[in-house]
Amino acid sequence: MGGVVNVPVGEPMRVDDDTCILAIETSCDETAAAVVVGGTRVRSSVVSSQIDLHARFGGVVPEIASRAHVDLCIPVIDQAMVEAGVGSGDIDAVAVTHGPGLVGALLVGVATAKALALAWNVPLIGVNHLEGHLAAASLENPDLPSPLVVLLVSGGHTMLVAMESPTSYEVLGSTLDDAAGEAYDKVARFLGLGYPGGPLIDRLAAEGDPEAVRLPRAMPGDNFDFSFSGLKTAVINAVRRDPSLSDADVAAGFQAAVVAVLVDKARRAAARIGAKGISIGGGVAANSALRRRIVEVCEADGLEACVPAREMCTDNAAMIGAAAHHRLAIDGPDAATLGADPGLGLGV
Ligand code: KG4
Ligand code: ZN
């Protein structure tokens, strides 16, 4: 480890089993840092959640998020380095999420990463947050089946991706309106459950009857796009029609509808591209029903289910370190002029 200096910007960097990357993630409301070695070995992964700061507003407040990142970024990085047992001389590159996300939040991570890379004289690399979610599965399974269908479901995105390798993929479809996590959060807010809604609905759904309220399975056409805003409206109408419905039954019915659509489309995408497996990523991939169903359909269809640990599905920096390892080998480091790119897309 250590000693990789003066790698020219934009030229592939030689990475190997010992390459040690410090990764930083501040795109939304988690301040996270991780030390990843060889692209797959997570020496530390520290995530400081700001949920308590945002909960009383019912969602993430960008200005509060940026300020909290300023306070937490260095302590979280310090903790990641201590837990990994590494010093600055062991770090071969500094990776940071530079988009998509909240611009102020991203800028905190990017500025910190630049300062560290400059001070330590090591390469800097900006990572696409969504590519990080795609790479999460490779942390547990370095030999992911190829091609692989990845269902990327988070608070901001819902996508089906055909992946050949962590740096070679194609977006097959995405949401036309709300993201899956956004639908969870909005339904939870309507039910007065709190924020973020995903884990709360997930827990409540386990106590409810998914058949008590039958909600539509929105399949906009024979393609791989999604639509969740109609489902949210259907939940609101069902509760207004029958106020005696229990929150648990509504949660169970809603979750059954979301999971059915996600799994059905992922399964058809796998059949269409001849995938050898299905993986999931993003915060909603922490959902217990989704995780269970993906394993079941993969078993039924003879596919490999690549389901990362829950803490690697929600926002973290280890996945950014993994993605950075693969990107450095192809694109090499970024210039010190790296900026935040809040609207960064995937595969364009
Ligand atoms: O990937 P992520 O941590 O942040 C974004 O990049 O958006 O995803 C956060 C989203 C939130 O909408 C949250 O409600 C949802 O993931 N989520 C869940 C669960 N845990 C988090 N949704 C359903 N079930 C869960 N267990
Ligand atoms: Zn995310």
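Start by selecting residues 148-153 and 277-281: these are strands E6 and E9, which pair in the parallel sense over five bridges. Pairing here requires at least two DSSP bridges between two strands, and helices (H or I, at least four residues) and strands (E, at least two) are DSSP runs numbered from the N terminus. Now pick out Leu152, whose bridge partner in E9 is Gly281.

A word on the model: it is predicted, with local features needing pLDDT of at least 70, side-chain atom pairs counting only at pLDDT 80 or more, and totals for chains, interfaces and linings using all residues. Residues are numbered from 1 along each chain as its sequence is written, chains are lettered from A and ligands numbered from 1 in the order written, and side-chain values use heavy atoms, without hydrogens and water.

Next, widen the view to the open, mixed sheet of five strands, ordered E8-E7-E6-E9-E10. At its edges, E8 (168-174) and E10 (304-306) each pair on one side only.

Then show helix H9 (residues 288-301), lying across E6, E9 and E10.

Finally, centre on ligand 1, surrounded by 20 residues, the closest being Gly155, Asp185, Gly198, Asp202 and Gly283 (a heavy atom within 4 Å qualifies a residue). One ligand oxygen is 2.7 Å from a side-chain N or O atom of Asp185. A backbone N or O atom of Gly198 lies 3.0 Å from an oxygen atom of ligand 1, and a polar side-chain atom of Asp315 also lies 3.0 Å from a ligand oxygen.

Technical notes
Contact means heavy atoms within 4.5 Å. Axes are lines fitted to C-alpha atoms, for helices over the stretch in contact, and angles run from 0 to 180 degrees between N-to-C directions. A polar contact is a pair of N or O atoms within 3.5 Å; within protein, one must be able to donate a hydrogen and the other to accept it, and residues adjacent in sequence count only if both atoms are side-chain atoms.
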